Amino acid sequence: MQTTSAQDLSHITIDLAVKRGVHSVAFSPDGSIVASDKNNTVGLWDAVTGGEIKMEKNFWVALQGNFTADINSLAFSPNGRIVAGGINASEVICLWDAATGEQLRSMRENAPNALHWVNTVAFSTDSKILASGSEDGNLYLWDVETGKRLKALTEDTENIFSVAFSSDGKTLASGNAGNAIGLWDIATGENLETLTGHTNWVFSVAFSPDGRTLASGSWDKTVRLWDITSGQQLKTFVGHTAAIWSVAFSPDGLVLASGSEDKTIRLWNIATGTQIATLTRHTAPVKSVDFSPDGVTLASGSKDGTVRLWDLTSPMLLRKNREE
């Protein structure tokens, strides 16, 4: 199928000029702000202008006095009050006040096998629970208010790359180095099901807005859709030429975005499984993608050190989607 190359959809570029690149982007719940990692701090950007929003406390990662570490993953709480960061230090998560940038607390699991950095964090829909997955395979649920660990979910794998809560708050999905996806009961900590089909590491998982479908992106260069009720694979999207680092559903559940090691972002029609557009302005792997709450803008973060905001109301893109 002939697909649309959509370079001109990138209407704002935010150059962080950081050697490490950008590993995570996230919209605030009201869509006015885009957050990204910025080495060992969080950068906040105006979603309309791309201008940096300065905070009094500047989201500093303060661990054991003056020790700091880079941020691997970011998430806004659904109530908009807190920003969570998975830190590139042994099993550390930081929580900041979204309005001031002040660090509220850091959370750390001191178990003997908690030795490596946190790859991923995600809030439950009621903002009360935070899930984290780590490079050493630890998968935890935390109480946001107290910072205490609620549950340890046991996976027989060495690395948890991505976690996501379902919209009803009852299920957690995790993508791992066992080429599989775990589905977990939040209330009991029970492993409900293991979804298999990918042939390499699963780097990203995302629930559809209605919670019925899960998308996954893998080192095997495919995006896959899964039926949560039956555990069956629904579709496989093929087109990327390298590993897929991030997947995200549009708020209406009709479009999926995927960011890849091949430096591109691809937009997919969920109903048909066809590719709508390829976004190509990044010059290095795309590590993270996120839709604005109104579905008008896509944010992407790349190892090229930039955050890009893509205008999804482009007549060219809308026309292509209608054609599919």
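Met-107 is a residue of strand S9, which covers residues 103-108. The model described here is predicted. With a relative accessibility of 2%, Met-107 falls under the 20% limit and therefore counts as buried.

Leaving aside residues up to four places away in sequence, Met-107 touches Glu-91, Val-92, Ile-93 and Leu-95, together with Leu-130, Trp-142, Asp-143 and Gly-147. Trp-310 is 203 residues from Met-107 in sequence, and their C-alpha atoms are 34 Å apart in space.

## The sheet S10-S11-S12-S13

Four strands, in the order S10-S11-S12-S13, make up an open sheet with antiparallel pairing. Strand S10 (118-123) and strand S13 (149-153) are at the edges; each has a single partner strand, so one side of each lacks a neighbour in the sheet. On average, and with direction ignored, neighbouring strands of this sheet are turned by 20° against each other.

Strand S12 spans residues 139-143 and is joined to S13 by four bridges, the two strands running antiparallel. Leu-139 has Leu-153 in S13 as its bridge partner.

## Strand S23 and its burial

Strand S23 consists of residues 255-260 and includes Ser-260. The strand is mostly covered, with six of its six residues buried. Val-255, Ala-257 and Gly-259 point one way from S23, while Leu-256, Ser-258 and Ser-260 point the other way; all are buried.

Ser-260 has a relative accessibility of 0% and so counts as buried. Not counting residues up to four places away in sequence, Ser-260 touches His-240, Ala-242, Ala-243, Ile-244 and Trp-245, as well as Pro-285 and Val-286.

Strand S22 (residues 244-249) is joined to S23 by five bridges, and the two run antiparallel. Ile-244 has Ser-260 in S23 as its bridge partner, and Ile-244 is also among the residues that Ser-260 touches. S22 and S23 form a hairpin with five residues between them. In the turn of this hairpin, Gly-253 has a positive phi of about 75°.

Five bridges also join S23 to strand S24 (residues 265-269), again in antiparallel fashion. Here the bridge partner of Gly-259 is Ile-265 in S24. S23 and S24 form a hairpin with four residues between them, and Lys-263 in the turn has a positive phi of about 80°.

How values were computed: Residues are numbered from 1 along each chain as its sequence is written. This is a predicted model: local features need pLDDT of at least 70, side-chain atom pairs count only at pLDDT 80 or more; totals for chains, interfaces and linings use all residues. Side-chain values use heavy atoms; hydrogens and water are left out. Two strands pair if DSSP finds at least two bridges between them. Axes are lines fitted to C-alpha atoms, for helices over the stretch in contact, and angles run from 0 to 180 degrees between N-to-C directions. Buried means under 20% relative accessible area, exposed over 50%, partly exposed in between (1.4 Å probe, protein chains only). Contact means heavy atoms within 4.5 Å.
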